Amino acid sequence: MTTSASIPTGSEGSIARVDTVTDRLVSANEQYAAAFADPGMDARPVLQVAVVACMDARLDLHAALGLELGDCHTIRNAGGVVTDDVIRSLTISQRALGTRSVVLIHHTGCGLETLTEEFRHDLEMEVGQRPAWAVEAFRDVDQDVRQSMQRVRTSPFLVHTDDVRGFVFDVKTGLLREIDPTV
């Protein structure tokens, strides 16, 4: 398996030698843009679906779900938690851009399972200001998916809440396991 960490830099590889990771990304973008052709799409996802998932770098959502460019809206954050900002994005996705389905994806081995709200306290002690946001840590990934489904289904801002499904992605096998919202 090749990861971006294994991409060569310098004269032996196709990416020019750079000083920082951001420089490397910008260089890669220049190569991408050189071969880029406008796909002629607008912002409305072809499949009318929004996927909310964890930001974990091990989740290649498009590959795991068989998605192509333009198929879905993808909203990612730590834990794939349905926060007020996720509701904001889903509201815009549904009301302005035509999505009708919501897929929620958490995963095994999530870093939020190792944190607590004490993380906020520690930050406050370190920087002198308490974060306005909650950590949204959890111990039971299945229950957190259920909670996220419930937050989507009960939001007064969302008009399409009948097709909301939640899953746990296994980072060892690549398989999705659907979560029953009623358990």
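**Entry 1: a charged pair**

I began with D56 and R58, whose side chains form a salt bridge with 2.8 Å from N to O. I kept in mind that this is a predicted model. A friendly reminder to myself: side chains of opposite charge can pair when their charged atoms come close.

**Entry 2: other salt bridges**

How many salt bridges are there by this rule? I noted a count of seven.

I looked up R151 and E136, which meet through their side chains at 3.3 Å, N to O. R151 belongs to helix 5, and E136 sits in the loop between helix 4 (118-127) and helix 5, so this pair ties together parts 15 residues apart in sequence. I found R151 partly exposed at 28% relative accessibility, and E136 buried at 19%.

Then I turned to R165 and E178, another salt bridge, with 2.7 Å from N to O. R165 is in strand 4 and E178 in strand 5, so to speak two distant parts of the chain, 13 residues apart. Both partners count as partly exposed: R165 has a relative accessible area of 40%, and E178 has 41%.

**Entry 3: helix 5**

I listed the buried residues of helix 5 as V141, D142, D144, V145, R146, S148, M149 and V152. What do they pack against? I wrote down helix 3, strand 3, strand 4 and strand 5 (176-179).

**Entry 4: the nonpolar cores**

Next I looked up the largest nonpolar core, which has 23 residues. L90, L104 and V152 have the most contacts inside it. The elements giving two or more residues to this core are strand 1 (49-54), helix 3 (84-95), strand 3 (101-107), helix 5 (141-153) and strand 4 (164-169). Helix 5 gives the largest share, four residues.

Leaving out neighbours within four places in sequence, V152 is in contact with V82, I87, L90, V102, L104, L158, T161 and V164. Apart from this core I found another, of 11 residues, with V51, L67, V103 and F169 among them.

**Entry 5: H62**

I found H62 in helix 2, residues 61-65. Is H62 buried or partly exposed? I noted that H62 is partly exposed, with a relative accessible area of 31%. Not counting residues up to four places away in sequence, H62 touches L67, E68, L69, C72 and T74. I also compared H62 with A35: they are 27 residues apart along the chain, and their C-alpha atoms are separated by 21 Å.

**Entry 6: two rings**

Last, I looked for aromatic pairs and found one. The ring centres of Y32 and F36 are 5.5 Å apart and the planes meet at 45 degrees, so I wrote the pair down as tilted. F36 counts as partly exposed, at 43% relative accessibility.

Technical notes: Residues numbered from 1 in each chain as written. Predicted model: local features only at pLDDT ≥ 70, side-chain atom pairs only at ≥ 80, totals over all residues. Heavy atoms only, no water. Core = buried A, V, L, I, M, F, W, Y, C linked by side-chain atoms within 4.5 Å. Buried < 20%, exposed > 50% of the residue type's maximum accessible area, 1.4 Å probe, protein only. Contact = heavy atoms within 4.5 Å. Phe/Tyr/Trp six-rings, centres within 6.5 Å; stacked < 30°, edge-to-face > 60°. Salt bridge = Lys/Arg side-chain N within 4 Å of Asp/Glu carboxyl O.
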